[in-house]
Amino acid sequence: MKIKLVLSALFLVGFQNFYAQETPIQTTTTITAVDTVLVKSVDLEKQRLEEKKQLDEQLKNDKKALKEQEKIEKDKKRAEDKLKKEQRQVEKQQKKLDKEQKKFEKEQKKIASAEKSLAKNQKKLEKAQKDLQKYQGKFDKDRSKGKLSPVELEKANLKITKQQLKVREIEEDIQDAQKKVSKLR
């Protein structure tokens, strides 16, 4: 039963509000209130438009700044790439120069070695020629005295012939060394 009473009370209150008359003072205040609300809503719209414009400008400025920053980074990267490329070229040229210098030094060592070999062979030749002259002088001396037997004569001739062969071999070595030195130069 309580529920019926509560529901009927609510129903009557709603009815009274529906058929109640408005007072003229209240209508003017409502119009003013509506005007105030309209003015406030117009002001809010203007604020929103201004904020939107500001946000748009800020977005444009941010985009410009981003583009400029990207351009700066791109230029920086290009400069770094160019610098790296130049460094690689310099390193490449340095390696080439080092290689050429090593090749030149190697050739100089070869030339020095060939010249050393030539000088060594020339000393051998001088010594071999002295020995040959010594053997021939001794042989001529002993032969003129008549002290030599036929076997000793053959041994002496054999010794002289061997020495002459040795001299010729050394002369050939000298010619080869001279050709090598002239070729290397």
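## A tour from the surface to the core

Begin by selecting Ile3, Val6, Leu7 and Leu10, which together make a nonpolar surface patch of about 430 Å² in this predicted model. Within that group, centre the view on Leu7, a residue of helix 1, which covers residues 2-19. Is Leu7 buried or exposed? With a relative accessible area of 54%, Leu7 counts as exposed, because the cut-off for that class is over 50%. In soluble globular proteins, by contrast, nonpolar side chains tend to be buried together.

Next, select helix 2, which runs over residues 24-145, and find Asn121 along it. The relative accessible area of Asn121 is 10%, so this residue is classed as buried, the limit being under 20%. Which residues is Asn121 in contact with, once its neighbours within four places in sequence are left aside? Show Ile170, Asp173, Ile174 and Ala177, since these are the contacts that answer the question.

From there, turn to the largest nonpolar core, a set of 11 residues: select Leu118, Leu125, Ala128, Leu132, Phe139, Ala156, Ile160, Val167, Ile170, Ile174 and Ala177. Helix 3 provides the largest share, namely six residues.

Key. Residues numbered from 1 in each chain as written. Predicted model: local features only at pLDDT ≥ 70, side-chain atom pairs only at ≥ 80, totals over all residues. Heavy atoms only, no water. Patch = residues over 30% accessible without salt bridge, like charges linked within 9 Å, V, L, I, M, F, W, Y side chains within 5 Å. Areas by Shrake-Rupley, 256 points an atom, 1.4 Å probe, with all protein chains shown as cover. Salt bridge = Lys/Arg side-chain N within 4 Å of Asp/Glu carboxyl O. Helix = DSSP H or I, 4+ residues; strand = E, 2+ residues; numbered from the N terminus. Buried < 20%, exposed > 50% of the residue type's maximum accessible area, 1.4 Å probe, protein only. Contact = heavy atoms within 4.5 Å. Core = buried A, V, L, I, M, F, W, Y, C linked by side-chain atoms within 4.5 Å.
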